[in-house]
Amino acid sequence: MRAGLPRTGLAVLAGLLFAAAFPPYDVWPLSVAAVAALSLLTRGRTLRQGAWTGFAFGLPFFLGLLSWLRVVGWDATVGLSVIEALFIAALGAGLAAVSRLRSWPLWSACLWVTQEWARDRLPLGGFPWGRLAFANTASPFTPLAALGGAPLVTFAVALSGTLLAWAVLRLRGPRRAPRAAALACLGAVAALLAGLLVPVATKGDSELKVALVQGNVPHPGMDFLGRPMQVLDNHATETEKLAADIAAGRAPKPDVVIWPENASDLDPFSDPAAYVRIDQAVKAVGVPTLVGALVDGPDAQHVQNEGIVWSPTTGPGASYTKQHPVPFGEYVPFRSELSKVITRLQRVARDFYPGDHNGVMQLGPARIGDVICFEVAYDEIVRDTVDDGGRVLVVQTNNATYNRTGQTQQQLAMSRLRAVEHGRAVLIAATSGISAVIAPDGSVVTQTKELTPAVINATVPLRGERTVADRVGAGPEWALALAGLLACGAVGAGAVRRRRSGGTPAPSEPLNQVVP
């Protein structure tokens, strides 16, 4: 056990450095270095040793990355981090296994995609935070998203890291091969710079003038809503100020206005005061407005998180209901059992009812693709809106619980990647920040400060053309993930053959010699 302590310590350090690759620190080269470190630390290990090294890497990584959950409680941070770190433990075992194969840097890179494929879906719909791609939303790797989405970016980052690890190995020991190491380094650089050859979208076939309203909340944290109607009144007031500025010539008149998620904490369809307040503000500005509101669900135990198209002349119309409510935040799995043990879950008074269709809606002159808050992290939810004709992406979000914790910056980074992946401008409307306008090439045109009332006026391109990533869909992810699994299967099959013939080593046994 003592012999493994230095390796465990290095894995912990690498995991902490990996967390710094993500916002709010944004040191993206550390994502490549972290991949290289984990590859070296699992190289030639047994499956058990690889799994432990992966866990020792993954737990501090997620504790750092998800530290914003401390607002809910450190027990929530630790619990979720442990669950997510188990996937990295499986990755560590896989890396140890495929290190027996020739071309192991390639198979190791595929396994990073495999791990993310599983973690994005399991358990309870998955939790995609911490993908390699999300640390590289403003790096030379980023344009690759237009070809194969986030999975291709992850693969390229991982391949660059594993090739660097291979180069290090070729410079060590009695069988040094400086030329091979140099070639591996060139391969790592090629993977890094390949994205620069990918053209990204910039212009559209028409334009849309938008105003994003950030009304702010009484105070951040678990009780951000304050008294009933306070957040709604904040957004209505900011919208009326915009209307006054338009009338006075101080601001251009937009084609549409966008409010964030939960801009109204009251159901306008059952609360007359909420309906009237929204209607007053929309009529004052005089253009179609996308209103985020909590709406009563199909029964007394449920509520729906919706974006509602509100016309200044005809009132509420089309709506989108969030499809992927957040477990333990917007609904409580196994409520009757867990609420007895974790009394804090009783604060989630009603479960959010999931929607059954995507967020493509007509908002004024534009066909928008609406996603709500954490949904921007899920590939298929965003892709569906583009496939169904969304010409600009809207992210309605409420991060008031996590302001000034780094969570908002992490979500902003995801939106930047989505812009490049789908060649669409992205409009982020947040209750208390960060609201932002992102160009189709992923650059941030403008953004607000946190916990500050603000209105963003901008003109963005509308695009109907689909990227290569849109056309191939989830194909690259499935192909790369399957390749990683098949590589592990090849190691297992080889071990079985050796056992039957009386040879060694088996997958669970140490390697005395490994393929360089």
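Reader: Hey, which helix does Gln-115 lie in?
Author: Gln-115 lies in helix α5, residues 104-119. Helices here are DSSP runs of H or I with at least four residues, strands are runs of E with at least two, and both are numbered from the N terminus.

Reader: Before we go on, what kind of model is this?
Author: It's a predicted model, where local features need pLDDT of at least 70, side-chain atom pairs count only at pLDDT 80 or more, and totals for chains, interfaces and linings use all residues. Residues are numbered from 1 along each chain as its sequence is written, and side-chain values use heavy atoms, with hydrogens and water left out.

Reader: OK, back to Gln-115. Buried or exposed?
Author: Gln-115 is buried, with a relative accessible area of 6%. Buried means under 20% relative accessible area, exposed means over 50%, and partly exposed is in between (1.4 Å probe, protein chains only).

Reader: And what does Gln-115 touch?
Author: Not counting residues up to four places away in sequence, Gln-115 touches Phe-87, Ile-88 and Leu-91. Contact means heavy atoms within 4.5 Å.

Reader: Which residue does Arg-119 form one with?
Author: Arg-119 forms a salt bridge with Glu-84, and the closest N and O atoms are 3.1 Å apart. The pair links distant parts of the chain, with Arg-119 in helix α5 and Glu-84 in helix α4 (residues 74-98), 35 residues apart. Both Arg-119 and Glu-84 are buried.

Reader: What about Arg-131, which side chain does it meet in a salt bridge?
Author: That would be Asp-379, at 2.9 Å from N to O. Arg-131 sits in the loop between α5 and α6, while Asp-379 is in helix α11 (residues 379-387), 248 residues apart. Arg-131 is buried at 1% relative accessible area, and Asp-379 is buried at 5%.

Reader: How far apart are the closest N and O atoms of Glu-421 and Arg-418?
Author: They're 2.7 Å apart, in another salt bridge. Glu-421 and Arg-418 are three residues apart in helix α12 (residues 407-422), so about one helical turn separates them. Glu-421 is buried, with a relative accessible area of 2%. Salt bridges that share partners join Glu-116, Asp-120, Arg-131, Asp-379, Arg-418 and Glu-421 into one network.

Reader: What about strands? How many residues of β3 are buried?
Author: Seven of the eight residues of β3 (residues 289-296) are buried, so the strand is largely enclosed by the rest of the structure.

Reader: And how many bridges join β3 to β4?
Author: Eight bridges join β3 to β4 (residues 302-311), and the two run antiparallel. Two strands pair if DSSP finds at least two bridges between them. A hairpin connects β3 to β4 through five residues, and Gly-292 stands opposite Gly-307 in β4.

Conventions:
A salt bridge is a side-chain nitrogen of Lys or Arg within 4 Å of a carboxyl oxygen of Asp or Glu.
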